[in-house]
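Please open the model in your viewer and keep the sequence panel beside it.

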Amino acid sequence: MTRTATGIFYHPSFSRRSYLTVGARLADFPMALDGILRDERVKLYEPGPVSKELLLKVHTPGLIEGVKGDPLCSTAWHSAGGVVLAGEKIAGEEIGNAFAFIGAGGHHSGRDFFGGYCCFNDVALCVVNLREKYGLRRFAILDTDAHHGDGTREIFLDDPDILHVCFCGREYESPDKTKVDAGYPDLRGSGAGRPVNDVYFDRVAQQFPDRVRRFRPDLLFWYFGFDTHQGDYGDIGLTGPCYWNIACLMRDLAGEVCGGKLAVVLGGGSHTALATYLIPPVIERLAGS
């Protein structure tokens, strides 16, 4: 089998009803990927819904019923299904890495709570599935969404085989060093006079790669929120080159520590123009461009 470099996981419902903006965020997709999809290193997958059997291994029946009754969660099943499928295609070596679009987010969803426009914890579901079906055990998660991934942290709090590093505006490190929160760069102190993109990227480069090298995961996740971009709802002043540089860093780090196994999961961000501008270059970098 010829291994495709990068898989893209997208369901048509994401362009009709997606996240905060009820469709507008991904209105230009999948058309915005037409040029990328002509590259033989890239393949598009349309995911099915996540199974209830798998959901019950991560979430309570009460949470699942709550998601069913929330109109903002109408795309939750296919969103989680896409991340789970991405993990399977990577583990099965059909692809090297993946970019998973979502219609409903995941990192604010715990075992028995959800909110913040997140419904099912897509990354946690993917981890459980990979452990059971493929024998992968250790995972490292970089979360650069503007807000703390409280659901992901709650699910994996006592799991020493999950390294979770969250850039969420506060500072914390667990005693075993596997659960880490990194504050935003100090633009008035050591970062004064430097472009915010450079200061933020340097923080990621200082806080994540060495931890991953020591941890030796079987697969990396990058929870990629662009809500930190200038003008979005979590604006900390970032622009496109910062995200693109992180994409290269994560691609290269995955190649170094786990045979290239990297799943990028779309997180927060609300503007159509930003999604169309930012996402295709991330995918191009995952494919090696």
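**First stop: the disulfide**

Select Cys 73 and Cys 119 in this predicted model. The torsion about their S-S bond is about -85°, so the disulfide is left-handed. Cys 73 sits in the loop between helix 4 (61-68) and helix 5 (76-91), and Cys 119 in the loop between strand 3 (95-100) and helix 6 (122-134); the pair therefore ties together parts that are 46 residues apart in sequence. The two sulfur atoms are 2.0 Å apart, and both cysteines are buried. The structure holds one disulfide.

Cys 168 is buried, at 11% relative accessibility.

Then move to Cys 242. Its closest cysteine sulfur belongs to Cys 248, at 12 Å, which is too far for a bond. Cys 242 has a relative accessible area of 0% and is buried.

**The nonpolar core**

Now display the side chains of Phe 99, Phe 101, Phe 120, Phe 221, Trp 222, Phe 224 and Ile 279. These residues have the most contacts inside the largest nonpolar core, which has 93 residues. Helix 10 (residues 240-257) provides the largest share of this core, 10 residues.

Centre the view on Ile 279. Which residues are in contact with Ile 279, leaving aside its neighbours within four places in sequence? Phenylalanines among them are Phe 29, Phe 99, Phe 101, Phe 224 and Phe 226. The contacts of Ile 279 also include Leu 26, Leu 266 and Leu 274.

The peptide bond from Phe 29 to Pro 30 is cis, with omega near 5°. Pro 30 is placed in the loop between helix 1 (13-16) and helix 2.

Continue to Gly 35, which lies in helix 2 (residues 34-37). Gly 35 has a relative accessible area of 42% and is partly exposed. Select Pro 280 as well: its C-alpha is 9.2 Å from that of Gly 35, although the two residues are 245 apart in sequence.

Select His 229, in the loop between strand 8 (219-224) and helix 10. Is His 229 buried or exposed? With 8% relative accessibility, His 229 counts as buried. Residues up to four places away in sequence not being counted, His 229 touches Asp 235, Leu 238, Thr 239, Gly 240, Tyr 243, Leu 274, Tyr 277 and Leu 278.

Go to Arg 3, in the segment before strand 1 (4-9). Arg 3 counts as partly exposed, at 42% relative accessibility. Glu 94 is 91 residues away from Arg 3 in sequence, yet their C-alpha atoms are 5.1 Å apart. Beyond residues up to four places away in sequence, Arg 3 touches Glu 93, Glu 94, Ile 95, Gly 96 and Gly 259.

Among these contacts, select Glu 93. Glu 93 is not a glycine, but has a positive phi of about 65°. Glu 93 lies in the loop between helix 5 and strand 3 and is partly exposed, with 45% relative accessibility.

Arg 216 also has a positive phi, of about 55°, without being a glycine. Look for Arg 216 in the loop between helix 9 (209-215) and strand 8. At 45% relative accessibility, Arg 216 is partly exposed.

**Last stop: the largest pocket**

Finally, select Ser 51, Leu 54, Val 84, Asn 129 and Lys 133. Of the 15 residues that line the largest pocket, these lie nearest its centre. The space in the pocket is about 220 Å³.

Which helix gives the most to the lining of this pocket? Helix 5 does, with four residues. Helix 3 (52-55), helix 5 and helix 6 each supply at least two lining residues. Coloured by class, the lining shows six nonpolar, four polar and five charged residues.

Technical notes:
Residues are numbered from 1 along each chain as its sequence is written. This is a predicted model: local features need pLDDT of at least 70, side-chain atom pairs count only at pLDDT 80 or more; totals for chains, interfaces and linings use all residues. Side-chain values use heavy atoms; hydrogens and water are left out. A disulfide is a pair of cysteine sulfur atoms within 2.5 Å. Buried means under 20% relative accessible area, exposed over 50%, partly exposed in between (1.4 Å probe, protein chains only). A nonpolar core is a set of buried Ala, Val, Leu, Ile, Met, Phe, Trp, Tyr and Cys residues joined through side-chain atoms within 4.5 Å. Contact means heavy atoms within 4.5 Å. On a 1 Å grid over the protein atoms alone, a cavity is a set of points where a 1.4 Å probe fits but cannot get out, and a pocket is an open set with protein on both sides within 12 Å along at least five of seven lines; lining residues have an atom within 4 Å of a point. Grid points are joined across faces, edges and corners, and a volume is the space filled by probe spheres set on the points. Ala, Val, Leu, Ile, Met, Phe, Trp, Tyr, Cys and Pro count as nonpolar, Asp, Glu, Lys and Arg as charged, and the others, Gly among them, as polar.
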